[in-house]
Amino acid sequence: MQLSMLIYQMNELLKNPIFSTHAVMAAGFSTLTMAIGYPFDSLKAPVQVGSSSGKQLTGADIVNKKLV
């Protein structure tokens with residue numbers, strides 16, 4: 001397809017209020033999911049590494065390492 005045709009089709013989709021609402025909600029939900037989930041993932045990784053090396057890490061140990 002030509003680029004102009006793709007742009008035309010996207011403009012037609014954006015005129016549809018249901019599509020636009022869903023697109024905005026999907027973008028917002030994705031951002032919220034990353035904002036909430038990323039800190040937990042960054043705390044989870046040291047716990048997994050520590051448990052495989054036989055050294056048990058506590059939550060306080062991980063937070064202290066991340067903050068320092």
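The legends below describe close-up views of a predicted model.

Local features are given only where pLDDT is at least 70 and side-chain atom pairs only at pLDDT 80 or more, whereas totals for chains, interfaces and linings use all residues. Residues are numbered from 1 along each chain as its sequence is written, and side-chain values use heavy atoms, with hydrogens and water left out.

**View 1. The protein chain and its helices.** The protein chain holds three helices and zero strands, in the order α-α-α along the sequence. Helices (H or I, at least four residues) and strands (E, at least two) are DSSP runs numbered from the N terminus. Of the 68 residues, 4% are buried; buried means under 20% relative accessible area, exposed over 50%, and partly exposed in between (1.4 Å probe, protein chains only). The accessible surface amounts to about 5,800 Å², and carbon and sulfur atoms account for 70% of that. Accessible areas come from the Shrake-Rupley method with a 1.4 Å probe, and for residues only the protein chains shown count as cover.

**View 2. Confidence along the protein chain.** The mean pLDDT (the predictor's confidence in each residue, from 0 to 100) is 82, and 87% of the residues score at least 70. Helix 1 has the highest confidence, at 88, and helix 3 the lowest, at a mean of 72. Where pLDDT is low, the predicted coordinates should not be read in detail.

**View 3. The salt bridge of lysine 15 and glutamate 12.** The structure holds one salt bridge, defined as a side-chain nitrogen of Lys or Arg within 4 Å of a carboxyl oxygen of Asp or Glu. The side chains of lysine 15 and glutamate 12 form it, at 3.2 Å from N to O. Both residues belong to helix 1 (residues 3–15), where a spacing of three residues puts them about one helical turn apart. Lysine 15 is exposed, at 62% relative accessibility, while glutamate 12 is partly exposed, at 34%. Side chains of opposite charge can pair when their charged atoms come close.

**View 4. The nonpolar surface patch.** Met10, Leu13, Leu14 and Phe19 make up the patch, and together they have about 330 Å² of accessible area. Patches consist of residues with over 30% relative accessible area and no salt bridge; like charges are joined within 9 Å and nonpolar side chains (Val, Leu, Ile, Met, Phe, Trp, Tyr) within 5 Å. Helix 1 is the main contributor, with three residues. Leucine 14 lies in helix 1 and is partly exposed, with 46% relative accessible area.

**View 5. Threonine 21 and proline 17.** Threonine 21 belongs to helix 2 and is partly exposed, at 44% relative accessible area. A polar atom of its side chain lies 2.7 Å from the backbone oxygen of proline 17.

**View 6. Threonine 58 and proline 46.** Threonine 58 sits in the loop between helix 2 (17–52) and helix 3 (59–67). Its relative accessibility is 41%, which counts as partly exposed. Threonine 58 is twelve residues from proline 46 in sequence, and their C-alpha atoms are 10.0 Å apart.

Conventions: A polar contact is a pair of N or O atoms within 3.5 Å; within protein, one must be able to donate a hydrogen and the other to accept it, and residues adjacent in sequence count only if both atoms are side-chain atoms.
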